[in-house]
Amino acid sequence: MLTKELSAKVLDAALSNGADFAEIFSENNYNSNIRLYNNMIQQCMAGKDHGAGIRVFYGSTAIYAYTNDFSETALMEAASAVAKAQSGQKIVTIHELNSKDISNIHEVKILPASVSKEAKIDFLKRTNEAARNYSSEVSQVDLTLAERRQEILIANSEGLWVEDTRNYIRAFAIVIAGTGSERQTSTQGPGAFAGYEFIESLDPQRMGAETAHSSVLMLNAKYAPQGQYPVIIDNGFGGVIFHEACGHGLEATSLSRNASIFLGKLGQQVASDKVTAIDDGTLVNKWGSTNIDDEGAVTRRNVLIENGILKSYLIDKVGGLKMDMQPTGNGRRQSYKFPPTSRMTNTYIDAGNDKFDNMVASIDFGLYAKKMGGGSVLPGTGDFNFAVAEGYVIRNGKIAEPVRGATLIGNGAQILNKISMVSDNLELAEGMCGSQSGSVPTTVGQPALKVDEIIVGGRG
Amino acid sequence: MYNKEFELLFKLAKDRVEDIEIFLNIGKSFSVRIHRQNVDSFNYADNKGIGIRLIKDGKVGYSYTEEFSENAFSNIIDEAIAGSIYVENTDPVIIAKHPDIDTKLDLYSPGLNNINVDEKIQVAKDLERLALEKDSRVFNVPAASYSDGYKYVRVANSQGLDKEYEANHCVAMVMVLANEGQEKKSGHWYYFGRDFEEIDVAKIADKAVSKAIELLNSSSPTSGEYPVVLSNEMVTSLLATFSGIFSAKNVQEGKSMFRGKIGSQLADSCITLYDDGLFPNGLATSPFDNEGYPSQKTVLIDKGILKNLLHNTVTAGKDNTKSTGNGSRSIKGSLNVSNSNMIIEPGNHSPQDLYKSAGKVIKIVSLQGLHSGANPISGDFSLSAEGLLYENGKRTKSLSNFTLSGNFYQLLMNTKLVGNDFLMSYTACGAPSLLIDKLVISSK
């Protein structure tokens, strides 16, 4: 990648018009993916991409330029573009870039590139077979095994010089059940910030059969009843609601634009006292973890909400300048094509003491949302919507028939206060989170939660 | 551009593969975002990449690189050949010298290059200022931005095809938040096009503000089935979400219900829908697709009857028909089918005709969760919505906190009236407002 000498020269050029701060983020990526579809390997593809982004601050205004040409000419041109965008009084020059050693806490046992394509294809074929053998109603299976190796280098005008290598691996399954006029889709996408040992820890038989089970079940389910009633949101991917409806509102990106319902609420009760929420970028080998964030700060564990009291926001460098607060190790970006902003890492609601069975028993009529689909939220208003991928009616304290097509809608601030029971079965699940700085790997999670009332949109 | 690189790649691949296709994409962009009259973010982008598709022993291989050196080029040919060995799909891949279109498209406006940065920043500042001045209930403008972009595309293959085009565009966008009491509503509007002079900041700000304001003081509707008017903007959103049902690739793979349905009545006879890669000023307009196949207009639904599907050369080969110029791929991706500009033809009815078509009509003006609450295969959707209630043709209430549920296939059948208020949106879909006989509204 870049030498220290060239980096210093580029940083100096970026600072030449009086900027307060300058930074270079450069990366090399190796991506590889294999796709099995329609019982056949369709594609087996690999390639490289690379590039560098240069950022300067004038006050709290960030200017960014990127290029995927590593030549000195192209880098100096980008540096000159950001320098000229504004002007300042500050005189900063680069004296020395000091290599910072970081401790790697996420061991990679088996480099994915060292594993044969045959072994990877075998994993996909066994998963495909398990899904197809589960039921004759399975009509299509779409599987991908994807790996990404990202080498990053961050240098800035504070003298920082830090390098790291990140290994991501993920298996993704989509199973479609049904033919004719009814189709239902179910997905599963386990991933890790680890090596191929993660794929070896998965059971292809189970992954195929579980995904197939869900789509076949939904194919034969009736539409969910509409109305407002209690809902149990199950553990794991159920945490997507907290991620979308609350997590995004805790990011400096929305707070600094006065587009968050949590602005000015630090130290205040924002949730039921049963709720403790954490963002932890240090969880070993978890999908949303990294050793350092994309601004070079060491990632850490941040308690966001403790027993209902708002304790912390998620802050990147620019957000910190705008809000006069310290960064929290949450400056992230998809790639050099995006300036970093405050983003979540592994974000979850912590385990409580309630028992799942007691939660179900406490409901006369309600919905058990066993698997959640995706959703979205308007950060300015906190209004959210989520699809339930696999749901069941709860009747007289018992889980009854499966139902499909339910959507949960509500408001983030209100729902946090309606959580009345928190179970002890915390589980995490992997996803990709899209926001201003692109799509980044994040983990969501929670134990099963009982929400006293929520509007369920359905067709039943 | 990049003649030397193309020659080198062809030379490196010669005698190693049966055929090769080279796809080059150059992109440059600029964006500025304002908050409280200060520059909040300011970005320049400059990138390039080459993707290759080759045929080796009858099998297809792909790879890509962002580094343009002999070493990198020789690596991607190795990678693509190595990957092709494992491919089991034997659908014939056609790399050929496709013809050119005979019309001239106006995709590049040199004038856009002459706008200086200060003028661009001023557009975003004006958008924020005008939005805040327009109505005292607007308390924040979380996004006011200007951006522009340039792209250059070149496709060449070993059968002698070699085509290129360049295009540029600019976008001005504002999003506002308005409140009254505890209730907050958001609204946004935008301009996209190729003419900086055409950006009417006052009009964009007014539209965004009125979209937020008209939703304040809302109540929840009573659950039930209603005749629903989907605003032209919402029709384009739904069309963009479900456009994949017209892809022959999805039909062949069992991901669309249109298998074997050509010639059948699948929409109300008031619906005519087409895909047009040559649509004047369309966001997705281009002279050729990513296989170098010429773009065209393809009628998909003619007065309710399904006439055609969208094809690339591979799906067309399987269906024994011709490509419709909808072959798409990214540098890093493999060949797919994508719509270009997808258009529902406008009708004769004014929006007012639609509102007064029944005693109570709900007009939907906002839909959230299209990426999660809609199933692009089954057509089912259940989406968080906001809207306006019309009683006997008069607007009486704003509505929020409810979901709109239905099925896109049924929606096409249940369309009763087509508006004359055609809108071309930033999703590259264009449509008028539609009156749907009945859709399910769920609330408390």
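In the predicted model, a salt bridge of 2.7 Å, N to O, joins the side chains of B:Lys211 and B:Glu233, where a salt bridge is a side-chain nitrogen of Lys or Arg within 4 Å of a carboxyl oxygen of Asp or Glu. This pair links distant parts of the chain, since B:Lys211 belongs to helix H4 (residues 201-213) of chain B and B:Glu233 to helix H5 of chain B, 22 residues apart; helices are DSSP runs (H or I) of at least four residues and strands are runs (E) of at least two, both numbered from the N terminus. B:Lys211 and B:Glu233 are buried, a term that means under 20% relative accessible area, while exposed means over 50% and partly exposed lies in between (1.4 Å probe, protein chains only). Helix H5 (residues 232-242) of chain B has nine of its eleven residues buried, and it is therefore largely enclosed by the rest of the structure; among these buried residues are B:Met234, B:Leu238 and B:Phe242.

Residues are numbered from 1 along each chain as its sequence is written, and chains are lettered from A and ligands numbered from 1 in the order in which they are written. Because this is a predicted model, local features need pLDDT of at least 70 and side-chain atom pairs count only at pLDDT 80 or more, whereas totals for chains, interfaces and linings use all residues, and side-chain values use heavy atoms, with hydrogens and water left out.

For chain B the average pLDDT, the predictor's confidence in each residue from 0 to 100, is 95, and 100% of the residues score at least 70. The model has an ipTM of 0.83 and a pTM of 0.89.

Over all chains, the structure holds 45 salt bridges. One of them is formed by the side chains of A:Arg35 and A:Asp142, at 3.0 Å from N to O, and it links distant parts of the chain, with A:Arg35 in strand E1 (residues 21-37) and A:Asp142 in strand E5 (residues 138-156) of chain A, 107 residues apart. Both A:Arg35 and A:Asp142 are buried.

Another salt bridge is formed by B:Glu88 and A:Lys125, whose closest N and O atoms are 2.4 Å apart. This pair crosses between chains, from B:Glu88 in the loop between helix H2 (70-84) and H3 of chain B to A:Lys125 in helix H3 (residues 117-134) of chain A. B:Glu88 counts as partly exposed because its relative accessibility is 29%, and A:Lys125, at 30%, also counts as partly exposed.
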